[in-house]
Amino acid sequence: MTALTVSRRVLSGRWQGPAAFTAVAVLALVVAPLLLEPFRLGLLAKYLCYAIVALGIGLAWGQGGMLTLGQGVFFGLGGYAMGMYLKLNDAGGDLPDFMVWSGVEKLPALWKPFGNPVFALAMVVVLPVAVALLLGTLVFRQRVRGAYFAILTQALAAALVILLVGQQGLTGGTNGLTNFFDFFGRDVAADETQRGLYLLVAVVLGALYLGARQLVRSRFGRLLLAVRDGEDRVRFLGYDPATVKTLTFAVSAGMAGIAGALFVPVVGIISPALLGVVPSLELVVAVAVGGRFALAGAVLGAVVMGYARTYFSEELPDAWLYLQGALFVLVMTLAPKGIAGLAANVVRRREARA
């Protein structure tokens with residue numbers, strides 16, 4: 001192999017990631033808004049919201065080895081924080097509509113601070129991160145990991161759903177929060193607003209992806225991988241795995257909270273049905289299909305599974321769940337590292353032949 005060939009491979013490998021990111025960014029920010037009708041663009045925005053949650057799962061599970069089955073909790077906290085502000089804004093000083101129907105006569109004290117948009121936007125991130133820090137501190141200090149940690153997060157998701165459903169006058173109960181009309185001075189239902197929301201979601205996803213990628217490549221990221229592959233060895237070297245895992249878990253929770261806040265104006269609803277165990281499991285399956293060891297794979301998996309769900313629900317509504325299960329089994333059998341791992345193997349084989 002000549003020196004020129006080696007240098008070409010080094011340069012191609014160095015620019016391969018930025019080139020791919022730029023191509024995807026152009027498709028998402030320029031091509032998609034031009035080609036897709038408003039309804040389909042709204043669906044894509046919803047998939048990208050799920051992709052933000054999947055990115056956090058990829059960071060916590062793929063890079064840190066923490067299988068979290070309760071990301072719906074943090075998604076819901078961010079979503080309800082945004083939804084509460086939007087409902088109060090629509091009410092214009094009166095009680096939100098669902099409170100009137102539920103017989104509530106006075107605005108609950110919990111709701112009052114969310115009338116301030118700055119406070120509400122801050123709580124979108126602060127609430128999920130605070131809950132994750134508390135849970136991580138309690139759990140990881142006791143060296144709880146593996147299936148036990150997964151079950152705890154799953155139980156937390158189930159508990160949140162029960163709490164939300166049982167507080168009809170405070171949270172909207174089973175119906176959740178819906179019927180939003182105004183989003184910071186703009187009509188939520190207008191095509192221009194939805195197009196702007198799509199671009200906002202795409203930009204936020206890109207920024208969070210770049211941030212997560214930089215985190216993984218940093219010294220902290222290398223320590224996170226070491227904790228995933230050998231937690232006891234890291235502890236013997238003088239580092240505290242509990243701190244590393246707690247901080248990573250908090251970052252993934254913050255991402256889910258942001259996704260929930262963006263999801264509310266895009267879809268127009270936030271309800272307990274979107275936060276429970278099943279939606280959380282579906283996101284984990286999407287990350288596994290895309291490839292949990294690659295951040296881009298997690299994002300890709302969420303978009304692919306979201307599109308597949310919509311397509312097969314329209315074409316074969318009775319068979320979608322079976323097709324979803326079959327896709328998961330097929331990918332895990334033929335490509336345990338997901339679509340991203342399969343693509344990486346193809347690239348390596350082509351480079352080896354060159």
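**Exercise 1. In which helix does Thr-310 lie, and is Thr-310 buried or exposed?**

The model is predicted, so local features need pLDDT of at least 70 and side-chain atom pairs count only at pLDDT 80 or more, whereas totals for chains, interfaces and linings use all residues. Residues are numbered from 1 along each chain as its sequence is written, and side-chain values use heavy atoms, with hydrogens and water left out.

Step 1. Thr-310 belongs to helix H12, residues 295-315, where helices are DSSP runs of H or I with at least four residues, numbered from the N terminus.

Step 2. The relative accessible area of Thr-310 is 15%, so Thr-310 is buried (under 20%, with exposed over 50% and partly exposed in between, for a 1.4 Å probe and protein chains only).

Step 3. Leaving aside residues up to four places away in sequence, Thr-310 touches Arg-40, Leu-43 and Tyr-47, a contact being heavy atoms within 4.5 Å.

**Exercise 2. Describe how H8 and H12 pack.**

Step 1. Helix H8 (residues 191-217) and H12 pack at an angle of about 150°, and their axes are 10 Å apart; the axes are lines fitted to C-alpha atoms over the stretch in contact, and angles run from 0 to 180 degrees between N-to-C directions.

Step 2. This angle makes H8 roughly antiparallel to H12 (over 145 degrees).

Step 3. From H8, the residues Leu-205, Tyr-209, Ala-212, Arg-213 and Val-216 meet Leu-295, Ala-296 and Val-299 of H12, and the residues of this contact divide into 7 nonpolar, no polar and 1 charged (Ala, Val, Leu, Ile, Met, Phe, Trp, Tyr, Cys and Pro count as nonpolar, Asp, Glu, Lys and Arg as charged, and the others, Gly among them, as polar).

**Exercise 3. Characterise the largest pocket and its lining.**

Step 1. The largest pocket holds about 1700 Å³ of space, where a pocket is an open set of points on a 1 Å grid over the protein atoms alone, reached by a 1.4 Å probe and with protein on both sides within 12 Å along at least five of seven lines, and lining residues have an atom within 4 Å of a point; the volume is the space filled by probe spheres set on the points.

Step 2. Of its 43 lining residues, Ala-20, Tyr-209, Leu-295, Ala-296 and Gly-297 are the closest to the centre of the largest pocket.

Step 3. Helix H1 gives the largest share of this lining, 13 residues, and the lining as a whole divides into 29 nonpolar, 9 polar and 5 charged residues.

Key
Helix = DSSP H or I, 4+ residues; strand = E, 2+ residues; numbered from the N terminus. Parallel < 35°, antiparallel > 145°, perpendicular 65-115°, else oblique.
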